[in-house]
Amino acid sequence: MKKLKTHFAFLDEGSKKEIRRATLKAVAIPGYQVPFASREMPIGRGWGTGGLQLTLSLVGKEDVLKVIDQGADESVNAVSIKKLVHSTTNVELTEATEDATLIQSRHRIPEIPLTKDQILVLQVPMPEPLRTYEKKEYITKMLHAEKEYSGIWLMLFEQIMKYGRTSTDADHPVLVNERYVMAPSPIPRFDNPKMHHSEALILLGAGREKKIYAVPPYTDVASLAFDDYVFQKEDFSGEACHLCGATDVFLDELVDDHTGKTIYQCNDTSYCVDRLNKLEQEEVSTVDA
Amino acid sequence: MGYVAVKGGTNAIEASIQRLKYERLKGKEVIEVETILKTMRQLVDQVMSEASLYSPYLAALAIKQAEGSMEEAVFLLRAHRSTLPRLYYSQTVNTEAMFVERRISASFKDIPGGQILGATHDYTHRLLDFDLAAETKADIEKWTNQWMEEIKEIESHGELKHFPKVVDYLREEGLFPTYPLNNENPDDVTKKSLAFPASRSERLQILTRGQTGAVTSLGYASLRGYGQVHPNVGEVRVGDVPIYVASSNENTEAKDDEYYIGDVKLTEVESFVPVTTKNERNEMELNFEIGYGICYGQNETKAIAMSILDQCLENQDNPFSTHDEEFVLYHIDSVESTGFISHLKLPHYVTFQSKLDSVRNVKKGRAEDEKA
């Protein structure tokens, strides 16, 4: 048997209990940032330690874990996190989104809709959506308590005045359960709508900033926008994945080594591989028939 | 394409880790943990202080593993610290009872008990000693034996001496306010995250585990002009203090039931900072307050800088950033600052794609406006 040197799931039970308590509170108050002590983890602080602590506090022996970094299962940091969780728990790992019970992700929500049997853990670098215009935590806490969000509306308004449109990129702020303005973590705007009435529980963990927050299943999540300047996702109209042909997915923009032309490819690598496998099967079965 | 090929991340990581190991081993020399422990005293001290874990042996091991990188060694110890259950709080440590190795005051020439220079680089000339390049064990033996002989001739003062705090002398004169002792358990920043306004115990904990360079820089900035604290160093003392934990039997409070769990070496600084206060008749008066600095091991610069920042944060009605507790406390931790800076090396393809989309749309919108 493989020798486990550290405690199951790395953290001592006292720490896990504390994280779970913060998580329960986060679920009870959708979009509210719950402070927690946040342990130092054996991976860089700023490299997904908030997500990792959530994952380690939740993972049980029966869980099947998937870790993605910016859409890719095999990205270096996803591999590193998977390796750490696996070496301290021996849980089963997967790349297939539908097989996972626990999915830790950095900055993407998978293309396949998640189910109520799954938990999505998102890594968060900057949990405070109001930080862009208010530097002090002491003040932003009060602004949230008083639901005083005119600053963030003004920020969007100013963008329209300056650029003729809102110019947010990833991490476009959302209003959760008609109460808290929340940073959805730097997922592309493309993924924001996936949070709305998600069947899966979405937990967000910021390790360095020591905050946990949540979007419970079937919760209203609205991307901040004006009636006359509506929320817009990244635009990939007319483009398709050069491998699997998928449209209406978030695409990576690449340069073809041979032709020097811009090509597009699914950002969600396991989604792409899955489609390719299915296409191949179909081709095989057509030949058989 | 870059370092996130669709497949192959696992192998690439494995190869990188092997390469790192090779870098540590390629010189084919073994450095014993014991050697680091016995020759890199101040490095070990600094790592323990920034990691806020007092274990010279583990700090030395971390230094070996980290190939001498401060941020890595501190990180290793902090991560190890996370796995340890926190079972006790010690009894309040009385630094007056410190087994003093060094103790100086920059405020008074003749302090009760006298100035003890102890071991310090302060009075050395910083000239590279090329003789060290050829130092042998025999040289070390010879020098230490000779030194031992020499100090034998110095008259011993007999009994161990007790060194009163310099500030006590000024308290007697009424120049320092006397506060009742606050022996409440501190708010533990490792168990409860920092909220603002922070308590003094929280501030002191964050400062004492701060990155030496960061604490020094901010203390320096305050002193130089971006702050309002200009201290006199009342006392710097370095030495060992015993640590006790209370008996688990709640019914006894007798001192005899406390358990001695070992000594820690500390640097403690009390800076004297003039402040304006009002007396009973509402008249302005000048008084002194203490800026307090303390850290594991011998690290006097850090402890003095901490004492400046402590007073800065005691007086936050001040426009300077060094008096702003969120600015100071959020940015001096080694693991946090190095972690977030280094995360910029992670792939940001999705976020950048999103930003590209945003910039292109703005440009496109502008172009269409011009046409119209």
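Just after helix 4 of chain B, Glu67(B) takes up a positive phi of about 50 degrees. Helices here are DSSP runs of H or I with at least four residues, numbered from the N terminus. This is a predicted model, in which local features need pLDDT of at least 70, side-chain atom pairs count only at pLDDT 80 or more, and totals for chains, interfaces and linings use all residues. Residues are numbered from 1 along each chain as its sequence is written, chains are lettered from A in the order in which they are written, and side-chain values use heavy atoms, with hydrogens and water left out.

Now step back into helix 4 itself, which spans residues 56-65 of chain B. Its buried residues (under 20% relative accessible area, with a 1.4 Å probe and protein chains only) are Ala59(B), Ala60(B), Ala62(B) and Ile63(B). Looking down the axis of helix 4 of chain B, you would find these buried residues within an arc of 160 degrees, so they line one face of the helix. That arc is taken from the directions from the helix axis to the C-beta atoms. And what covers them? The cover includes helix 2 (33-39), helix 3 (41-51) and helix 5 (70-82) of chain B.

A pocket is an open set of points on a 1 Å grid over the protein atoms alone, with protein on both sides within 12 Å along at least five of seven lines; lining residues have an atom within 4 Å of a point. Of its 43 lining residues, the closest to the centre are Pro42(A), Ile17(B), Gln65(B), Glu72(B) and Leu76(B).

Next come the cavities, sets of grid points where a 1.4 Å probe fits but cannot get out. The structure holds 4 of them of 30 Å³ or more, and the largest cavity has about 230 Å³ of space. Among its 19 lining residues, Glu40(A), Lys210(A), Val189(B), Arg209(B) and Glu336(B) lie nearest the centre. Helix 5 of chain B turns up again here, giving the most to the lining of the largest cavity, with 3 residues.

Finally, let's visit chain A, where the domain assignment gives domain 1 (13-223) and domain 2 (235-289). Their contact (heavy atoms within 4.5 Å) takes 14 residues from domain 1 of chain A and 9 residues from domain 2 of chain A.

Key: Buried means under 20% relative accessible area, exposed over 50%, partly exposed in between (1.4 Å probe, protein chains only). Helices (H or I, at least four residues) and strands (E, at least two) are DSSP runs, numbered from the N terminus. Grid points are joined across faces, edges and corners, and a volume is the space filled by probe spheres set on the points. Domain bounds come from an automatic or database domain assignment.
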